[in-house]
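This briefing covers salt bridges, surface patches and loop residues. Please look over the sequence and the model before reading on.

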Amino acid sequence: MKRSLKTGCLLILITVITMNAHSQTKGRSGGGQSMNMGHFYGKVIDSNSNKPMEAASVQLTQNRMDTVTKKRKDFVVAAMLTNRRGEFSIDKLSIFGMYQISITAIGFKPFNEKIYFNLKMNGGDMSQMINAVDKDLGNIKLIPNPEQLAGVVVTADAPLLQMNVDRKVFNVSKSLTSVGGTAVDVMKNFPSVNVDIDGNVTLRNITPQIFIDGRPTTLTLDQIPADEIESVEIITNPSAKFDASGGGAGILNIVLKKNRKAGYNGNVRANIDSRLSHGFGADVNIKQGKINFFANAMYNQRKSISNQSTTRTDFINDTKAVLSQDDKPDSRGHFAFGRAGFDYFHDNRNTFSLSGVMVGGSFTNVDKLDISRDSTIGSYMSSENGLSNTTGNFTFHNYGGTFSFKHNFAKADKNITADANYNYSKTSNRLEVATEYFNPDNTPKGLNGQQMSYGDGLTKYFTAQTDYTDPITDKIKLEAGLRGSIRNYSSNNENFSYDHSLNDYVSVPYLNSKYYFKDQVYAGYVTFSQKISNFTYQLGGRIESSKYSGTLVDSNQVFENSYPFSFFPSVFLTQKINDKQDIQLNYSRKINRPNFFQLIPYYNYSDSLNISRGNPALVPEFTNLMELSYDLNLKNGNNIIATAYFRNTDNLIANYQYRDKNPNPGVNDSILVSTFVNANRSDAYGLEVTATNKITDWWSLTSNINLYNSMINGKNLQSDLSNQQLSWFGKLNNTFKLPASYTIQLTGDYTSKTILPPGRGGGGGGRSFGGENLSTANGYSDPVYGFDIAIKKDFLKDKSASVSISMNDFLKTRVYKVHSRSDFSSTIYSIQENERRRDPQIVRLNFNWRFGKFDVSLFKRKNQNADQEGLQNGMQGIQ
């Protein structure tokens, strides 16, 4: 009886629906119009803040028979984006059968659930059955989970800093003080990252790897415009999935601007600073149908002026020589950046992408050095003054291309990717130095010395990689991949000295060099992760085979080393204490291979007072890195992450000075040579705390403090060579949202007395005595601090335009002082003091205008198959 009643009511319901649909379509052409009237609706919210999520992707699929292949497959019934209230509504659906709803948003775990219209008959209540075709899915909460390294797109409402146990994401669009600058300016505001006067970046006192869109690059940070960067990710201890290079210093991944919003959008911008350097640029993105096209372009001028003073005291037997220099280097030039590409969505599961980038620039450097030299030989003293004029020109060109493919399997989150990247980089430089010394009465002391040098370098860098991800179950995931990279580098350096008797420059053969090297790395990895209740573990292993070979062309000397098999494990253990707290313990092993500047075995004699030489005998250093992290999520978006870390490195690559015979065949004396060596080991440990706090509705604060101890052991070089220093640095970033669409950003940083980072030169990492970097294991830098400020005003409809003004180091406090010493067996060879200031109180005015049309309709996908199949599938679903 009940079954016959249910069947009868169902037939009545079908009749009512059919009549209703017929009345709606009566008089229209096209008798094949849908008669479906099912309706799903709901709201998508952030599980942390409970705020609605705009532009979340909602897709509805149904599994049914394919009339062509005669096999069952998933059909996309409808797709849309949520509105600004987080709401979605999908109607005109068949009331029969099972559906799969999938909701995704960048930085959040995908939501997948089976849904259907509940057509149950309760005591023959027809009205309740009819109401069931209009179904409210309620509030659907998405859980944050920014796991992918590449391709992150940050929405306009993203905070300045997003923090997770495994990484931090810095949203560059929220950094007002870096607008109009380069990636160096971005890094100055990034917690955990330290930037010195020359733009050298360190992470916990070690130089990290720089990636662009998840892959290594030949570009330097000062060649990447800040306005082309969407976000920067920092991973302090990458798993076995990532490249083992970098010596445990972590990865800084720069994500360039590109989005896939339907329709078109972009921006134009311009800037000018107090030195009248100007720049302009534009971005555009167009998505329609299966094509997503993007392009970026920018031109920037730069003028940099420094003030520097250096004093060096050399001790040679009974001779003491004091050399002092004061100079004001001036660098002026320009660079341009261009990038374009497209994504082709072949179908719902296969995407092809192709992009290219071009960067080029030219800079002229002028420097005038005042030199004072005093010598004491026994009881005899002498002094002289000198003047050195330096003019140099540096140009660079970089071309790169990327082709990638991604296939999504029918299983959610199961995919395979492949990509190939090629970078071609060419640099050239010319340097002219004229030095003249004077007697006490200011008459010339002999003829002036003139030197000239030419140099060029060429790098060809190819990488190919494939990655596979398979979520075996909702608690188990397997990842695997292969990677290969080949880098070819060649350099040519020619040096000339002016011969007054010939009235012309003549070549200096013993200073010239032609060098070529090839670096190859091949790798494979596997990671396995499983969640057991509130505990998650990930085990990973990476195997790398590397080979380096270099040749000095003129002498046909060959240098090479190879590591055919190196294993790099990683272990990540995470315990979820509750919804607000996590704790993680991780370990990984890394490698840092020497770069070509450290390996090239020729004397750089461009400055006779500072001679440097590479060391082809260098071997890679290996690092063991451990971290213990605690993540606490509080109310109102407040978040704290505390990380204790330990890093141990064997065969540390460090700067070192030694006394050697002068390479000039015509001079019979000894000189100090700066080079690179493998020290015994280094150890570093520390505690880093990063917090994001919303003090009030109009004031947010990001703070970071890092306390660490660095130790270098070079007793394999000399018995008493070691160094240790307890240091700390901190950063504060305040953002104040004021009435009338004004925003003020105030940032500050402080770095205490710090041991010089291994592989980094003295003089703040910059030039000392017009030549190369100078540093030893016995070196440190004095404390330094500074403040930057920026003010922005948004205007026009939807705040589509903005004007901002910024000033760096507005209190003019950033003075970099570096001390270094060279000694052997308690005998001091030299002591150097260097003080520098660069570009304080530069005011920059910026304008930005955003434009575009966001076409939601392009996201919709509707199935137009016959209604009979839908009814048949529906009947099968309720039997």
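Ile-272 sits in strand E16, residues 263–273, and is partly exposed, with a relative accessible area of 37%. The model is a predicted one, in which local features need pLDDT of at least 70 and side-chain atom pairs count only at pLDDT 80 or more, while totals for chains, interfaces and linings use all residues. Residues are numbered from 1 along each chain as its sequence is written, and side-chain values use heavy atoms, with hydrogens and water left out. Strands (E, at least two residues) and helices (H or I, at least four) are DSSP runs numbered from the N terminus. Buried means under 20% relative accessible area, exposed over 50%, and partly exposed in between (1.4 Å probe, protein chains only).

**Surface patches**

- Patches consist of residues with over 30% relative accessible area and no salt bridge, like charges being joined within 9 Å and nonpolar side chains (Val, Leu, Ile, Met, Phe, Trp, Tyr) within 5 Å.
- A nonpolar surface patch with about 710 Å² of accessible area together is formed by Ile-272, Leu-276, Trp-698, Leu-738, Tyr-742, Ile-791, Ile-805 and Leu-845.
- Lys-51, Lys-694, Lys-737 and Lys-799 make up a positive patch; Lys-51 belongs to the loop between strands E1 (38–46) and E2 (57–65).

**Salt bridges**

- The structure has 24 salt bridges, each a side-chain nitrogen of Lys or Arg within 4 Å of a carboxyl oxygen of Asp or Glu.
- Glu-544 and Arg-593 form one of them at 2.8 Å, N to O.
- Glu-544 is in strand E28 (residues 535–552) and Arg-593 in the loop between strand E30 (581–592) and helix H4 (596–599), so the pair ties together parts that are 49 residues apart in sequence.
- Glu-544 is buried at 1% relative accessible area, and Arg-593 is buried at 16%.
- Lys-411 pairs with Asp-470, their closest N and O atoms being 3.4 Å apart.
- Lys-411 counts as partly exposed at 35% relative accessibility, whereas Asp-470 counts as buried at 11%.

**Buried loop residues**

- Ser-94 lies in the loop between strands E4 (87–93) and E5 (99–104) and is buried, with a relative accessible area of 9%.
- A polar atom of the Ser-94 side chain is 3.3 Å from the backbone nitrogen of Phe-96.
- Ala-249 is in the loop between strands E14 (229–235) and E15 (251–256) and is buried at 2% relative accessible area.
- Ala-249 and Thr-202 are 47 residues apart in sequence and 8.1 Å apart in space, C-alpha to C-alpha.

Methods: Accessible areas come from the Shrake-Rupley method with a 1.4 Å probe; for residues, only the protein chains shown count as cover. Lys and Arg count as positive and Asp and Glu as negative; His and the chain ends are not counted. The place of a charge is taken as NZ of Lys, CZ of Arg, CG of Asp or CD of Glu. A polar contact is a pair of N or O atoms within 3.5 Å; within protein, one must be able to donate a hydrogen and the other to accept it, and residues adjacent in sequence count only if both atoms are side-chain atoms.
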